[in-house]
Amino acid sequence: MTSYFCPCPRGMEAALAEELTEIAAAHSPTLKVHNQVPGGVHCSGTLVDAYRVNLHSRIASRVLMRMGQRSYNNENDIYDLVLEQPWEDWFGVEHTIRVDVTAVKSPLKSLEFTTLKIKDAICDRFRDMFNKRPSVDTREPDMRIVGFLDQRNFIIYLDTSGEALFKRGWREETGDAPLRENLAAGMLRVSGWKPGVPLFDPMCGSGTILIEAAQMVQGIPAGARRHFAFEKFHDFEREAWQEMKAAIKANPLPGEPTIFGSDISGDMVEMTRHNLKIAGIQFDVPLKQIEAQHVSPPVDGPGILLTNPPYGERIGVRGDSTMAPDEMAVSFYSALGTTLKQRFAGWTVFLFTADLSLPKLLRLKEARKTPFFNGALECRLFRFDMVAGYNRREEAKPKQSPQE
């Protein structure tokens with residue numbers, strides 16, 4: 001069995017471990033899920049299991065195969081470990097490479113120098129064996145090698161994924177600051193949404209949340225429309241990969257819409273419509289151009305509202321450009337909070353934002369707040385339970401008179 005590490009957005013580790021456990025239960029007795037650590041989940045299995053996780057995981061950022069691990073004192077120890085690895089068993093001198101290093105509390109002074117030593121060790125091994133060395137390509141490499149350092153130990157990985165897994169292969173165009181697909185998928189899981197439950201994103205942007213949900217409804221795996229680095233490995237098991245993809249069974253298309261979106265921008269609505277088509281969605285996802293503070297529930301009965309509202313400068317497209325940004329945010333979120341209280345009784349509302357003062361702006365008390373990171377940006381997924389009678393309680397509060 002081979003050891004793997006699946007990194008993910010920080011805060012999504014438990015959701016990823018749950019997802020990997022489901023993939024193992026549904027598809028593979030050899031895939032084993034091990035411990036969660038900040039930023040990812042360790043697992044083990046066959047090489048074909050790595051294909052399987054790349055194909056099916058919606059939350060992992062990559063699937064990294066562990067090549068070697070050792071304690072270290074300096075960069076020469078790292079060079080020696082990398083030099084010992086049989087890189088030639090996996091790829092050839094004709095393949096381009098890229099090396100990335102991350103570290104937590106490492107005593108080494110320069111990660112750039114460490115990265116260079118890893119690259120030198122790989123190239124030296126090929127030069128010693130074949131009198132040739134692979135070229136470096138930092139933009140579109142065939143093979144990515146990843147080093148991880150903590151205070152005492154160094155692990156060297158070969159990336160089986162290639163481009164990051166949040167790149168599903170459907171996105172041609174994006175709005176401003178698009179939400180990463182694996183973060184959207186993680187939020188859907190954390191929200192408790194399942195196919196069949198009504199889902200509404202009233203600030204859908206380029207449609208990332210809607211498309212992740214729609215692909216889940218239709219049974220389209222996250223990696224069904226893209227290629228992976230493992231397809232260039234020397235011992236790539238093409239037949240096993242083709243059988244795995246051939247075994248994908250589409251779900252029956254829903255008879256009635258359950259996924260809905262809207263945005264203030266007509267361009268965003270059109271982009272979402274286009275992206276849904278490119279992502280292979282074959283059923284109706286109703287979309288409207290409307291301001292978020294004016295929306296109504298798209299179905300009778302309860303559902304889940306999940307959205308990534310604007311913050312900072314992005315709120316400028318949602319309101320009056322003559323207002324200062326802070327005034328605009330207060331006005332926008334105050335109106336949105338009123339809409340949620342008045343119209344969405346029975347719904348569970350999830351708002352993902354870097355603005356930690358959001359509940360105060362909405363004048364709502366969160367039922368839960370879960371910390372996540374969008375890249376380096378610390379965010380929260382706020383949950384609000386819109387219980388029936390919320391608005392009646394608001395109306396019952398004593399009002400201040402104009403003289404007070």
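**Structural briefing**

Arg171 is partly exposed, because its relative accessible area is 24%. The coordinates are those of a predicted model. In this model Arg171 forms a salt bridge with Glu181 through their side chains, at 2.8 Å from N to O.

**Salt bridges**

- Glu181 belongs to helix 5 (residues 181-191) and Arg171 to the loop between strand 7 and helix 5, so this pair ties together parts that are ten residues apart in sequence.
- Glu181 counts as buried, because its relative accessibility is 4%, whereas Arg171 is partly exposed at 24%.
- The structure holds 18 salt bridges.
- One of them joins the side chains of Arg58 and Glu212, with an N to O distance of 2.9 Å.
- Arg58 sits in the loop between helix 2 and strand 4, and Glu212 in helix 6 (residues 208-218), so the pair ties together parts that are 154 residues apart in sequence.
- Both partners are buried: Arg58 has a relative accessible area of 7%, and Glu212 has a relative accessibility of 0%.
- The side chains of Glu84 and Arg70 also meet in a salt bridge, at 2.7 Å from N to O.
- That pair links distant parts of the chain, with Glu84 in helix 3 (residues 75-84) and Arg70 in strand 4, 14 residues apart.
- Glu84 counts as partly exposed at 45% relative accessibility, and Arg70 counts as partly exposed at 32%.
- A network of salt bridges links Glu18, Glu22 and Arg189.

**Sheet and flanking helices**

- Seven strands form an open sheet in the order 2-3-1-4-7-6-5, and their pairing is mixed.
- Strand 2 (32-37) and strand 5 (97-103) are the edge strands, each of which pairs on one side only.
- From one strand to the next, the twist averages 30°.
- Strand 4 (residues 64-71) pairs with strand 7 (residues 153-159) in the antiparallel sense, over seven bridges.
- Arg70, the salt-bridge partner of Glu84, stands opposite Phe154 in strand 7.
- Helix 2 (residues 47-56) lies across strand 1 (2-7), strand 3 (40-45) and strand 4, and runs at about 15° to strand 1.
- Helix 4 lies across strand 5, strand 6 and strand 7, and runs at about 140° to strand 5.

**Nonpolar cores**

- The largest nonpolar core contains 86 residues, and those with the most contacts inside it are Trp87, Phe91, Ile118, Ile122, Ile145, Leu158 and Ile259.
- Another core, of 22 residues, lies apart from it and includes Met203, Leu305, Phe332 and Leu361.
- Leaving aside residues up to four places away in sequence, Trp87 touches Met67, Val82, Ile122, Arg125, Phe126, Ile145, Ile156 and Leu158.
- In soluble globular proteins generally, nonpolar side chains tend to be buried together.

**A loop residue: Pro141**

- Pro141 lies in the loop between helix 4 (111-130) and strand 6 (143-149).
- Is Pro141 buried or exposed? Pro141 counts as buried, because its relative accessibility of 11% is under 20%.
- Not counting residues up to four places away in sequence, Pro141 touches Thr96, Ile97 and Arg98.
- The C-alpha atoms of Pro141 and His95 are separated by 7.8 Å, although the two residues are 46 residues apart along the chain.

Definitions and conventions:
Residues numbered from 1 in each chain as written. Predicted model: local features only at pLDDT ≥ 70, side-chain atom pairs only at ≥ 80, totals over all residues. Heavy atoms only, no water. Helix = DSSP H or I, 4+ residues; strand = E, 2+ residues; numbered from the N terminus. Buried < 20%, exposed > 50% of the residue type's maximum accessible area, 1.4 Å probe, protein only. Contact = heavy atoms within 4.5 Å. Pairing = 2+ DSSP bridges. Axes fitted to C-alpha atoms, helices over the stretch in contact; angles between N-to-C directions. Core = buried A, V, L, I, M, F, W, Y, C linked by side-chain atoms within 4.5 Å. Salt bridge = Lys/Arg side-chain N within 4 Å of Asp/Glu carboxyl O.
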